[in-house]
Amino acid sequence: GDPLSVKVNKLSSTKTQLPYDFYYLKYCKPSKIVNNAENLGEVLRGDRIENSVYTVSICTFSSIVILDNLPVAVRRQRRDGSQSTTYEHGFRVGFKGNYAGSKEEKYFINNHLSFRVMFHRDTETDAARIVGFERLAFLGSGLSSIGYRLSSDQLTYVIIVHCVALVNSINHEYKEWDEKNPQVTTCNKDTKNLIQGSTVPQEVDAGKEVVFTYDVTFKESDIKWASRWDTYLLMNDDQIHWFSIINSLMIVLFLSGMVAMIMMRTLYKDIANYNQLETQDEAQEETGWKLVHGDVFRAPINYGLLCVYVGTGVQIFAMSLVTMIFALLGFLSPSNRGGLMTAMVLLWVFMGIFAGYSSSRLYKMFKGTEWKRITLKTAFMFPGILFAIFFVLNALIWGEQSSGAVPFGTMFALVCLWFGISVPLVFVGSYLGFKKPAIEDPVKTNKIPRQILEQAWYMKPIFSILIGGILPFGAVFIELFFILTSIWLNQFYYIFGFLFIVFVILIITCAEITIVLCYFQLCSEDYHWWWRSYLTAGSSALYLFLYSIFYFFTKLEITKLVSGILYFGYMVIVSYAFFVLTGTIGFYACFWFVRKIYSSVKID
């Protein structure tokens, strides 16, 4: 006798990418719509969870049953011909097709829902818990005969609960409507099964009446409650992920070999030769990276901006690392809807202290004095650019009346988190960083800058920077495909183990490619390495954005201009963040490398 409350969430489309409230379409509504309280992540995702007219009563046994936030899923056969199945999140509203012998395409609505509730019985307590919630496309069994009849401007909707069907779209008919005992001629009132030959699909047309039916079956399952999400998160393409990791490891091994060769053979040989030079004349005859020792630590142009971007990159890196650790430990399971987005926002806010600390430390090393100005830029530049883009995109979503539009209250809460927590923490970190002694350079900087020789075409900054971004992107692009699919095609993504491995590979790849190219640059007596080290690894974001353009035209079916703007707007945000993250990794790797080699030689 325990009731199970079936709730509804947003309507989504791969063609518009705009989520809508479930009752935005003229579905049958309960007498009073009750909204569930959503967390920050759910609101940002466009989730709107509400009650529905679907009611289910347990009549098998009387015991505690918990539905527990489990989303409905539709089982689909894989297209590759294998016997394995996948689960589609939610169910499709309808389909487009044509009648036999006609070429005219029409729209049909799936007006019959066949639910299967799977439960696991506890043998000790005889209690049961819900472990599965599926929408089926095959025969179920009817339960009760409660009916609703609701009207709208164009369509009249009738919903009953007692018809059992093999299909999802049925053109139901009835002679007379009885509120207390609704009956349709397309269903046998005794067996509550669909009458054979009456399986004409329900066409959508203005002025037509639509009868909605649903049935519910209960099935006992061996799946335990703790493992009930495994079905939803079932991964049938793990071989592709392993291929991605092996592919990335090959890149890492190749780069590691080059770095090892540079460090062990070339560098040690160079250092030994430089340290054995007896006269200044011999030193003048030498060429290579030692000759720029008097300029290699000279502050670059716009070093304040570099400090700001490095600090922001540290903040993104810390947020990403902690988020992945929480996800690996199972704290950010999809059962906690919106948890991942909420965690990322909160972690970003609290990691502001690391942004302030790292930017001020670097700024003091450059002998800068306006640390408050740099702190303000660190606190406002990157979040300000993101917020401006987000605000414009949100205005477009508001114009489309989508539930994905962030309400004013949530927007205000985000601003409060930014100004109330993040900004003060950036100032605290900056104060602590500036208070510490400045980082000492291993060699002295000459007063007069050394003239840089004409560089070969392959050592020109633009070519070198663009080449440097290819390998970091190559290490992650396969995993990037699955991430984009989960975001834009409404798929579950819960393979944080693979993602963490790829993240570590990305860090190593960015560090090693930057070190290799930095060494070649110094050997050609070009000491402008500060910004180039940042841009070399950061250029991988350019390839990420180019890949997102390729993904848009080959995988998505977006046809609306606003939806296209939203896609590219969000991908600009992602690419910008990726640029700052990878650039910072490359910069710190190069910073360590340069300090290491110049502290190993004797400078007169």
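These are my notes on what I looked up in this predicted model.

**Ground rules.** I number residues from 1 along each chain as its sequence is written, and I use heavy atoms for side-chain values, leaving out hydrogens and water. Since this is a predicted model, local features need pLDDT of at least 70 and side-chain atom pairs count only at pLDDT 80 or more, while totals for chains, interfaces and linings use all residues.

**Confidence.** I looked up the pLDDT (the predictor's confidence in each residue, from 0 to 100) and found that the protein averages 80, with 83% of the residues scoring at least 70. Over residues 59-63 the pLDDT is below 50, and this stretch has 8 contacts (heavy atoms within 4.5 Å) beyond near neighbours in sequence. Over residues 138-167 the pLDDT is also below 50, with 114 such contacts in the model. I keep in mind that where pLDDT is low, the predicted coordinates should not be read in detail.

**Cores.** I searched for nonpolar cores, that is, sets of buried (under 20% relative accessible area) Ala, Val, Leu, Ile, Met, Phe, Trp, Tyr and Cys residues joined through side-chain atoms within 4.5 Å. The largest has 93 residues, of which Leu522, Trp529, Trp530, Val594 and Tyr598 touch the most other members; its largest share, 16 residues, comes from helix 14 (residues 561-598), helices being DSSP runs of H or I with at least four residues, numbered from the N terminus. Leaving aside neighbours within four places in sequence, I find tryptophan 530 in contact with residues including Val296, Phe297, Arg298, Phe587 and Phe591. A second, separate core of 17 residues includes Leu11, Tyr20, Ile397 and Ala405.

**Salt bridges.** I list 9 salt bridges, each a side-chain nitrogen of Lys or Arg within 4 Å of a carboxyl oxygen of Asp or Glu. In one of them, aspartate 295 pairs with arginine 298, the closest N and O atoms being 2.7 Å apart, and aspartate 295 is buried, with a relative accessible area of 1%. Glutamate 400 meets lysine 560 at 2.8 Å, N to O; glutamate 400 lies in the loop between helix 7 (371-399) and helix 8 (408-435) and lysine 560 in the loop between helix 13 (540-555) and helix 14, so the pair ties together parts that are 160 residues apart in sequence.

**Cysteines.** My search of the whole structure for disulfides (pairs of cysteine sulfur atoms within 2.5 Å) finds 0. Cysteine 510 is buried at 0% relative accessibility, and cysteine 518 is buried at 2%.

Key. Buried < 20%, exposed > 50% of the residue type's maximum accessible area, 1.4 Å probe, protein only. Helix = DSSP H or I, 4+ residues; strand = E, 2+ residues; numbered from the N terminus.
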